[in-house]
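Here are my notes on the model, as numbered points. Have the structure open while you read.

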Amino acid sequence: IANCLIGETLMKSNNPKLFIKQLLGLDSNEETNSLVTTNRKQLLVKTCGFTEEENVKHALQSGSNLIGLIFVQKSKRFITNDKAKLIVDITRKYGERINRIDFKTPNKLDTTRAVDWFTSCYDELVSVTMRKPLTVGVFQNHSPEYINEVIRDTGIDLVQLHGNESPDISSLINAPCIKVFSIPKDLTIDINSYLIDEITKWAGKAIAILIDSYTGGSGEQFDWNIVKNINIPVILAGGLTSDNVKLVKLLDSVVGVDVSSGLEINGIKDNKLVTDFILNAR
């Protein structure tokens with residue numbers, strides 16, 4: 001093949017420069033690694049809590065890497081399996097695929113070095129989602145059996161664990177996992193040491209770590225200084241908006257953002273807020 005024509009796929013990519021390099025078979029490591037250093041130009045974006053198909057379509061068109069669907073029954077953003085499957089199908093169609101993504105975890109990597117493991121997983125997430133956005137199911141202290149049932153019935157790509165799950169549960173779940181750690185309001189421990197110890201336990205078990213406020217999904221923000229000294233790539237959530245997401249880029253360890261309430265007006269997703277948030281995160 002001497003020539004090829006790339007149109008729609010390039011337009012859908014949230015990082016056209018890196019996409020073109022990969023198409024040409026050029027070394028993209030320098031570009032990818034630059035995203036995890038100070039003053040990187042864009043963050044991995046997870047937009048979460050969708051229940052309506054049209055809002056999902058808009059988020060995809062705006063460049064969202066990850067579409068979050070909440071399977072926690074007590075949440076006001078809870079979604080049924082049937083409706084979730086429709087959103088999964090929309091996301092797959094946008095990424096021009098018909099099956100779940102076969103996510104490649106690092107091989108022969110020392111999992112005792114959490115920074116290496118999660119940096120490598122982050123690079124893979126960026127590589128995959130620049131062209132093919134993924135769906136993430138959010139769970140909280142659910143059984144592996146229930147989680148696997150949702151995976152089977154809906155086709156979600158990733159699982160986000162938002163409870164007190166232990167690392168061992170990951171081997172029982174039929175999809176790669178994102179582990180969430182919530183920051184309590186009243187700190188009575190050395191939170192940095194605690195986080196580093198707990199995150200290290202999930203190296204080789206989860207593909208990403210997400211740091212959130214104690215009441216996830218509430219729009220409450222915690223002290224971002226907590227993540228400054230972690231030195232492990234993390235996704236940040238809690239009180240994010242299109243205004244303050246620009247400041248997140250100054251936090252070296254933060255490689256992604258997760259937002260739900262910051263995209264809503266009176267509890268309803270607003271397409272302009274979605275667009276503004278993603279643009280400011282780039």
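1. Leucine 69 first. Skipping neighbours within four places in sequence, its contacts (heavy atoms within 4.5 Å) are Phe50, Ile79, Ala84, Ile87, Val88, Val136, Gly137, Val138 and Ile156. Keep in mind that this is a predicted model, where local features need pLDDT of at least 70 and side-chain atom pairs count only at pLDDT 80 or more, while totals for chains, interfaces and linings use all residues. Residues are numbered from 1 along each chain as its sequence is written, and side-chain values use heavy atoms, with hydrogens and water left out.

2. Leu69 also turns up in the largest nonpolar core, which has 80 residues; Leu69, Phe118 and Val159 have the most contacts inside it. Such a core is a set of buried Ala, Val, Leu, Ile, Met, Phe, Trp, Tyr and Cys residues joined through side-chain atoms within 4.5 Å. Buried means under 20% relative accessible area, exposed over 50%, and partly exposed in between, with a 1.4 Å probe and protein chains only. Helix α6 (residues 114-129) gives this core its largest share, eight residues. As background, nonpolar side chains in soluble globular proteins tend to be buried together.

3. Now the fold. The chain has ten helices and ten strands; these are DSSP runs numbered from the N terminus, helices being H or I with at least four residues and strands E with at least two. Eight strands close into a parallel barrel, in the order β1-β2-β3-β4-β5-β6-β7-β8, where pairing requires that DSSP finds at least two bridges between two strands. From one strand to the next, the twist averages 25 degrees; axes are lines fitted to C-alpha atoms (for helices, over the stretch in contact), and angles run from 0 to 180 degrees between N-to-C directions.

4. A closer look at one pair: β1 (residues 44-48) and β2 (residues 66-70) run parallel and are joined over three bridges. Cysteine 48 sits opposite glycine 68 of β2. Helix α10 (residues 271-281) packs on the sheet and touches both β1 and β8 (254-259), with its direction at about 160 degrees to that of β1.

5. The lining of the largest cavity includes Leu44, Phe118, Tyr122 and Val255, and α6 supplies its largest share, three residues.

6. Two asparagines deserve a look. Most residues other than glycine have a negative phi. Asparagine 141, in the loop between β3 (134-139) and α7 (144-154), has a positive phi of about 55 degrees and is partly exposed at 47% relative accessible area. Asparagine 231, in the loop between β6 and β7, has a positive phi of about 60 degrees and is exposed at 57%.

7. Is proline 133 buried or exposed? Proline 133, in the loop between α6 and β3, is buried at 3% relative accessibility. Residues touching proline 133 include Leu60, Ser64, Thr91 and Arg97. Tyrosine 94 is 39 residues from proline 133 in sequence, with 7.9 Å between their C-alpha atoms.

Key: 1 Å grid on protein atoms, 1.4 Å probe; cavity = no way out; pocket = protein on both sides within 12 Å on 5 of 7 lines; lining within 4 Å.
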